Every structure is written in C-alpha cells, then in structure tokens.
Amino acid sequence: MGNEERRKYPRIQIFDPISYLSLDSDGKTVLQNVAVVRDVSQTGIQMEAFVEVKSKKLSLMFFDMNKNQIEVKGKVVYCRKNESGQFSIGINLIGNEAENLRFVKALVKSYHYQKEKSRLAISPGIQN
C-alpha cells in the first residue's frame, strides 16, 4: 500500500503564488488568503500555505502575464502540516475540463515567464 501514485496525469513542479477563497457550503467566502503552488497536473494542484484550510471548496485565482485574472474552483482533498510547519494542501480542480486546462496552462506559463524574467534580470547579457 503506502505511497502509490493515484494521479492520472503527471505533475509539473512549479513555485507560483496564488490567491484563494475558502467557501462555505453555500459558496459564500469565509476566508481569503494566499499560498504557493508547488506542483500542478491536468486535474489538480498541491499548494503550501501558512494557515490550515478547513473549507472543502476553494476558489483559486491568479493574474497571468497579461494581467488577466484566471480562476477555477477546487475541492480540498487533504490539508496536513508539513515538516516546515506550513500546510500542504491537495486540491482537485472541479471546473469543467476547458476551465481546468486554461487554469493549469496559464499557471505553468506564468511560472516559466517569471522564471525567465528573473533570470534575464540577473544576467542581462552583453549590452550594445
């Protein structure tokens, strides 16, 4: 038994900030907070936050590189304290397939864009 992989799709390791709203059973906002996405797949994400998530439903959002707000709903699969004292939160994306894919693609693109932007700022290359 143990640590067998149950995901259908591969995970992509990223490190991207995200905002989330904890929702009650009626879909009303209970809490707004931020977290860092640690990995993403076609149907879910794992994020890390300083506070425990007690809601079962979340609204996840971030701004892409074109400053468009990208949002999707998610269901909390687990929330457990990790060795660093933060909370690892597993989320199953519950939007339709198109919404989920749009969210995941934009998140990965945003991560790579920011990573490349910071690399260029550190080593801009030869100036003319």
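On a 1 Å grid laid over the protein atoms alone, a pocket is an open set of points with protein on both sides within 12 Å along at least five of seven lines, and its lining residues are those with an atom within 4 Å of a point. The model considered here is a predicted one, in which local features need pLDDT of at least 70 and side-chain atom pairs count only at pLDDT 80 or more, whereas totals for chains, interfaces and linings use all residues. Residues are numbered from 1 along each chain as its sequence is written, and side-chain values use heavy atoms, with hydrogens and water left out.

The protein chain holds one helix and six strands, arranged from the N terminus on as β-β-β-β-β-β-α; helices (H or I, at least four residues) and strands (E, at least two) are DSSP runs numbered from the N terminus. Of the 128 residues in the protein chain, 37% are buried, a term that denotes under 20% relative accessible area, computed with a 1.4 Å probe on protein chains only. With contact defined as heavy atoms within 4.5 Å, 51% of the contacts in the protein chain between residues at least 6 apart in sequence join residues at least 24 apart.

A nonpolar core is a set of buried Ala, Val, Leu, Ile, Met, Phe, Trp, Tyr and Cys residues joined through side-chain atoms within 4.5 Å. The largest such core comprises 26 residues, among which Ile18, Met47, Leu60 and Phe103 touch the most other members. At least two residues of this core are supplied by each of strand 1 (12-23), strand 2, strand 3, strand 4 (57-63), strand 5 (69-81), strand 6 (87-93) and helix 1 (97-122), and the largest share, six residues, comes from helix 1. Not counting residues up to four places away in sequence, the residues touched by Leu60 include Ile18, Met47, Ile91 and Phe103.

Ser110, in helix 1, counts as buried because its relative accessibility is 7%. Leaving aside neighbours within four places in sequence, Ser110 is in contact with Asp16, Phe62 and Phe63; Phe63 is 47 residues from Ser110 in sequence, and their C-alpha atoms are 8.5 Å apart in space. Gly90, placed in strand 6, is likewise classed as buried because its relative accessibility is 4%. The C-alpha atoms of Gly90 and Met47 are separated by 6.6 Å, although these residues are 43 apart along the chain, and the contacts of Gly90 beyond four places in sequence are Ile45, Lys75, Val76, Val77 and Tyr78.

The second largest pocket has a volume of about 160 Å³, where volume is the space filled by probe spheres set on grid points that are joined across faces, edges and corners. By class, the lining has no nonpolar, four polar and five charged residues; Asp, Glu, Lys and Arg count as charged, Ala, Val, Leu, Ile, Met, Phe, Trp, Tyr, Cys and Pro as nonpolar, and the others, Gly among them, as polar. Gln46, found in strand 3, counts as buried because its relative accessibility is 17%. Not counting residues up to four places away in sequence, Gln46 touches Val36, Val37, Arg38, Asp39, Tyr78, Ser88 and Ile89.

Definitions and conventions. 1 Å grid on protein atoms, 1.4 Å probe; cavity = no way out; pocket = protein on both sides within 12 Å on 5 of 7 lines; lining within 4 Å. Buried < 20%, exposed > 50% of the residue type's maximum accessible area, 1.4 Å probe, protein only.
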